[in-house]
Amino acid sequence: MRSHIACLMILLGWLVVGLGYAQIRGGAEAAQFEPGDMVIYQEDLSGTPIGGQVEGWEIVQGSYEVAEFQRRRWFRPLAYGTHILRQLRFPQEFSVEFTAYFFEPGNAELRVFLHTEEETKREIGPDGPAQVYLTVGRVEKTDGFKLRKRIRPAGVIYQDVAQRGYDAYGGGFPADRPHHIALQVRGGELALFFDGERVATTPF
């Protein structure tokens, strides 16, 4: 159904891309991320020169460069609200993985949108339609996430799926370290993993 999905990343700061219940064991504790058996696209930036840009990523707004940090290379936005777009043709079941580091100044954020091909012809980003709207970033002294999804084809109407660190109850993730984040679509369900922990699921 969603065979052509574009990934839009909005870099709001420097992308240099809990709640404990020890006696309870459920699906969230037992679930493990499975990356799939076919790589559609992979980029570790090791072949991109420092200060350069990555082929295949369209700059929609702002600017970015590849920079080195902690002996790795990352996307680094050079302007607040930088939008970059990569169009990929995904199968019915797929996964999207990335690593991000969020600096404290400005409460840096990364927003990831999954669009259909038709949606990319309209306004993209937070003011346009998207199937998935994921925000991850720094919130004061911790890191957190907000996951939303589109619930009807007409208009821009999102449903809040889950969040941590962005609400009044806190419960974010340790800051000042890289985080591995993954979206996984399997069997009509979307799951979000944050540092290996399944933190949200929803029909998709």
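Start by selecting Asp-195, in the loop between strand S13 (189-194) and strand S14 (197-203). Strands here are DSSP runs of E with at least two residues, and helices are runs of H or I with at least four, both numbered from the N terminus. Asp-195 is not a glycine, yet its phi is positive, about 55°. Its relative accessible area is 38%, so Asp-195 counts as partly exposed. The cut-offs: buried is under 20% relative accessible area, exposed is over 50%, and partly exposed lies in between, with a 1.4 Å probe and protein chains only.

This is a predicted model, in which local features need pLDDT of at least 70 and side-chain atom pairs pLDDT 80 or more, while totals for chains, interfaces and linings use all residues. Residues are numbered from 1 along each chain as its sequence is written, and side-chain values use heavy atoms, with hydrogens and water left out.

Zoom out to the whole chain. The protein chain has two helices and 14 strands. It holds 204 residues, 46% of them buried.

Next, select Arg-71. Look in the loop between S3 and strand S4 (72-77). Arg-71 also has a positive phi, about 65°, and is not a glycine. With a relative accessible area of 83%, Arg-71 is exposed.

Move to Glu-65, in strand S3 (residues 64-69). Is Glu-65 buried or exposed? Glu-65 is buried, because its relative accessible area is 16%. Show its side chain together with that of Arg-76: a polar contact of 2.6 Å joins the two. A polar contact is a pair of N or O atoms within 3.5 Å; within protein, one must be able to donate a hydrogen and the other to accept it, and residues adjacent in sequence count only if both atoms are side-chain atoms. Beyond four places in sequence, Glu-65 is in contact (heavy atoms within 4.5 Å) with residues including Gly-51, Trp-74 and Leu-78.

Select Phe-98, Leu-134, Val-136, Phe-145, Leu-147, Leu-183 and Leu-192, the residues with the most contacts inside the largest nonpolar core, which has 25 residues. Such a core is a set of buried Ala, Val, Leu, Ile, Met, Phe, Trp, Tyr and Cys residues joined through side-chain atoms within 4.5 Å. S6 gives this core its largest share, four residues.

Center on Leu-192. Its contacts beyond four places in sequence include Leu-134, Phe-145, Ile-181 and Val-199.

Last stop: a second, separate core of seven residues, with Trp-57, Val-66, Phe-75 and Ile-84 among them.
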